[in-house]
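Subject: Structure handover

Hello,

Here is the structure we spoke about, with the sequence. My notes on what was found follow below it.

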Amino acid sequence: MTSPSDGKNVEIDPGWPQFAKYTFAPAILRGGFLFVSGMTAGGSEGGILCPGDIAGQTDIILQRLGEILARANCGYEDVVATREFVTTTDGYRKTTDVRRKYFKPPFPAATGVIVAGLLRPGALIEIEAIAAVPRR
């Protein structure tokens, strides 16, 4: 696996075929940090998994985050910050339990932003993350 890069961007791709058509990477490793693109709970056939369920969508997103972290030789404990864009606060408190399933104290820094909408119709939440890649 790629080691932390200090001088150039290194794409981290968990092998998801949909990224071949996009103009952005799932994640970029640079200077010992992993910058993970915002993710929704999009399904492989289009649409959103767990429609109307923000906690369910959060769970799917954080599972996928784990795949990206693993490709960069990281774990959830290496995540230093997350940013959540939400279209509703209905059920949002339930995402706390989902986050606790993946993150343990000390929890990463986090920002929540209420937005009018997300690019993927039906998405209630989009999460991006930054992780500090341990030097092994």
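Accessible areas here come from the Shrake-Rupley method with a 1.4 Å probe. On that basis the accessible surface of the chain is about 7600 Å², and carbon and sulfur atoms account for 53% of it. Please keep in mind that this is a predicted model. Of the 136 residues in the chain, 41% are buried.

Overall layout

There are 2 helices and 6 strands in the chain. Read from the N terminus, the elements follow the order β-β-β-α-β-α-β-β. Taking contacts between residues at least 6 apart in sequence, 70% join residues at least 24 apart.

The sheet

The 6 strands make an open sheet with mixed pairing, ordered E1-E2-E3-E6-E4-E5. E1 (10–12) and E5 (109–114) are the edge strands; each has a single partner strand, so one side of each has no neighbour in the sheet. From one strand to the next, the twist averages 15 degrees.

E1 and E2 are paired antiparallel through 3 bridges, and Ile-12 is opposite Ala-27 in E2. On to the next pair: E2 (residues 27–30) and E3 (residues 33–39) also run antiparallel, joined by 4 bridges. Here Leu-29 faces Leu-34 in E3, and Arg-30 is opposite Phe-33 in E3. These two strands form a hairpin with 2 residues between them, and Gly-31 in the turn has a positive phi of about 60 degrees.

In a regular strand, side chains alternate between the two faces of the sheet.

Helix H1

H1 (residues 54–71) packs on the sheet and touches E1, E2, E3, E4 (79–86) and E6 (125–132). The direction of H1 makes about 30 degrees with that of E6. From first C-alpha to last, the 18 residues of H1 reach 26 Å, close to the 26 Å expected at 1.5 Å a residue. Since buried means under 20% relative accessible area, 13 of the 18 residues of H1 qualify, so the helix is largely enclosed by the rest of the structure.

The N-terminal end of H1 is capped by Asp-53, with a side-chain oxygen 3.2 Å from the backbone nitrogen of Ala-55. After H1 comes Asn-73, with a positive phi near 60 degrees.

Backbone points to check by eye

- Asn-73 is not a glycine, despite that positive phi of about 60 degrees. Asn-73 sits in the loop between H1 and E4 and counts as partly exposed, at 36% relative accessibility.
- Cys-50 is another residue other than glycine with a positive phi, near 55 degrees. Cys-50 belongs to the loop between E3 and H1; with a relative accessible area of 29%, Cys-50 is partly exposed.
- The peptide bond from Pro-105 to Pro-106 is cis, and its omega is near -5 degrees. Pro-106 is found in the loop between H2 (95–102) and E5.

Regards

Key: Residues are numbered from 1 along each chain as its sequence is written. This is a predicted model: local features need pLDDT of at least 70, side-chain atom pairs count only at pLDDT 80 or more; totals for chains, interfaces and linings use all residues. Side-chain values use heavy atoms; hydrogens and water are left out. Two strands pair if DSSP finds at least two bridges between them. Axes are lines fitted to C-alpha atoms, for helices over the stretch in contact, and angles run from 0 to 180 degrees between N-to-C directions. Contact means heavy atoms within 4.5 Å. The expected span of a helix is 1.5 Å times one less than its number of residues. Buried means under 20% relative accessible area, exposed over 50%, partly exposed in between (1.4 Å probe, protein chains only). A polar contact is a pair of N or O atoms within 3.5 Å; within protein, one must be able to donate a hydrogen and the other to accept it, and residues adjacent in sequence count only if both atoms are side-chain atoms.
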